[in-house]
Amino acid sequence: MAGDAVNAPASMQTYSGDAFWITADELSQLKDSRGTEGPYSGLWATLRYSYCENHGAPVYGFAVGSGVALRQMLLAAGLDDGQIAALDRVTVTSGSDGYSVTFDPRQPRYVFLTPAAVSGDSVDPLLALYVDEAATLDDLPAEATTPVAAFTKFLYGQLEPSESTKCSFVSGANSVSLPTASPAFTVDAPDAYSDDPTVRQKSHFTLAALVTKGNDRRTYQVGGATAVGHGLDLKALLDEARGRICPQDKLFVITSGGTVDLGLNVAAITTGAYLLAYYSEDASGAKVANGTQTMIYGDGVAIADVLAVKIEHVDATAKLVLTSPTVSQSRATVARGSKLALRAVATKAAGALAPNPIVWRTSNARVATVATNGTVTARRCGTATITATSGSRRVSFTVKVVSRAVNATRITLPRTKLLARGSTVKLSARVYPAGATNTITWKSSNSRVVKVDRSGRITGVRRGRATITVRTSNGKTATCIVTVR
């Protein structure tokens, strides 16, 4: 629970003057003891609610919840009855999906009523650890006994039927924010449903929300000094945040002093690599300054006053190469009715799990069509542009369809070529006549010395000599002796 008016009681552990919390472990202890033991048993309450589900014909029912009452939490945090009565806004946030509900407790529609109450009588909202429901008030047990599956369920309701469902609830509620509460940490990511990079989705976490998620304590050596951080694994928060966050995306840290570029992509934020600390201390246990803001620790990394991390999308495809079994890798003449096997290879960006899929398109399906594997079928005379796309990468190939095949009369290559080990160059073949419609194939006499691909690019593997042969589909050949030094 966070807000400038909230103070931590002495019995509760706190790291900041503007928030107090019950940790997940403490809630579990409270849940197991059912409020009869432990330092927080004074917060335990059992409250009854009525509800109406409006799905066609209204269905009325009753619920009993047992858990932590919001009013008792506010009183324990140091607010008095007058401050509670003056509250104009309370926000309850779910830790599972970031869903939140904000309400004004002073408005009549949010007066909290028990089923037996008269209009205006109030009942506390409840962070329920157990909930039972019944069709009649008499069927409700004295205390709820069914554990909430999402660990907690925030209940608030009223006697008269409302437009809300089941007396209104936030499943998995893990933080309650008062009007003055502000996010301690934000994940700023591209929108999951838009390709516009300016459209963003931001996941905000209050200090109380961070603390209730857990306390991961790690020790780091930074600049020769020992620092102990209490917080959450940064990867876990990225996994929880909304938006499109991909492994290859770049990650920037936003601090009160500006933007810090650690040269990291999301894939580098592995489990255990970085800690988002909401509290820090030195080796002696003395508090160090990150105040109410957060701090990021890593191996030799300590970034103070962290406000957010910003994700910039990077295309999963770093490179896209198109190859053709023809002399030119950008255009070809093809006889009507024949096929040309174009192929494309996409290379994934650093950190990406895989490149984007390759999509093939033709500019003129009446002249030439293209299959999903890149094979082109010549339909009628004319010209068409075949395009392969992977993410933002695009390569094109021009196909000219002629009425009948034209056979090559000869093909040529340079007689010799010197090549450094590990380097790659393209051999330039020429076919005659220039409008020949034949395809070609390449072969190395010793691929352990020189490798050659279907486009004629050769790579020196190790020292030695190999003969590269190019052959047209009607049997014309040329050779080049390649020496690797």
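**Notes on the model**

1. P433 is placed in the loop between β30 and β31 (440-444), where strands (E, at least two residues) are DSSP runs numbered from the N terminus. A cis peptide bond joins Y432 and P433, with omega at about -5°. Most peptide bonds are trans.

2. The model is predicted: local features need pLDDT of at least 70, side-chain atom pairs count only at pLDDT 80 or more, and totals for chains, interfaces and linings use all residues. Residues are numbered from 1 along each chain as its sequence is written, and side-chain values use heavy atoms, with hydrogens and water left out.

3. The largest pocket has a volume of about 480 Å³. A pocket is here an open set of points, on a 1 Å grid over the protein atoms alone, where a 1.4 Å probe fits, with protein on both sides within 12 Å along at least five of seven lines; lining residues have an atom within 4 Å of a point. The volume is the space filled by probe spheres set on the points, which are joined across faces, edges and corners.

4. Of the 23 residues lining the largest pocket, A332, T333, V431, A434 and A436 are the closest to its centre. Two or more lining residues come from each of β19 (331-335), β20 (339-341), β26 (393-402) and β30 (430-432). The most, 5 residues, are given by β19.

5. The lining of the largest pocket comprises 11 nonpolar, 8 polar and 4 charged residues. Ala, Val, Leu, Ile, Met, Phe, Trp, Tyr, Cys and Pro count as nonpolar, Asp, Glu, Lys and Arg as charged, and the others, Gly among them, as polar.

6. Why does the largest pocket lie between domain 3 (319-402) and domain 4 (410-484)? Both domains give residues to its lining, so it lies between them. The domain bounds come from an automatic or database domain assignment.

7. An open sheet with mixed pairing is formed by 4 strands in the order β19-β26-β25-β22; two strands pair if DSSP finds at least two bridges between them. β19 and β22 (359-362) are the edge strands, each pairing on one side only. β25 (residues 382-390) and β26 pair in the antiparallel sense over 9 bridges, and A388 stands opposite V395 in β26.

8. D305 is in strand β17 (residues 301-312). Phi of D305 is near 55°, a positive value in a residue other than glycine. Most residues other than glycine have a negative phi. D305 counts as partly exposed, because its relative accessibility is 29%; partly exposed lies between buried (under 20% relative accessible area) and exposed (over 50%), with a 1.4 Å probe and protein chains only.
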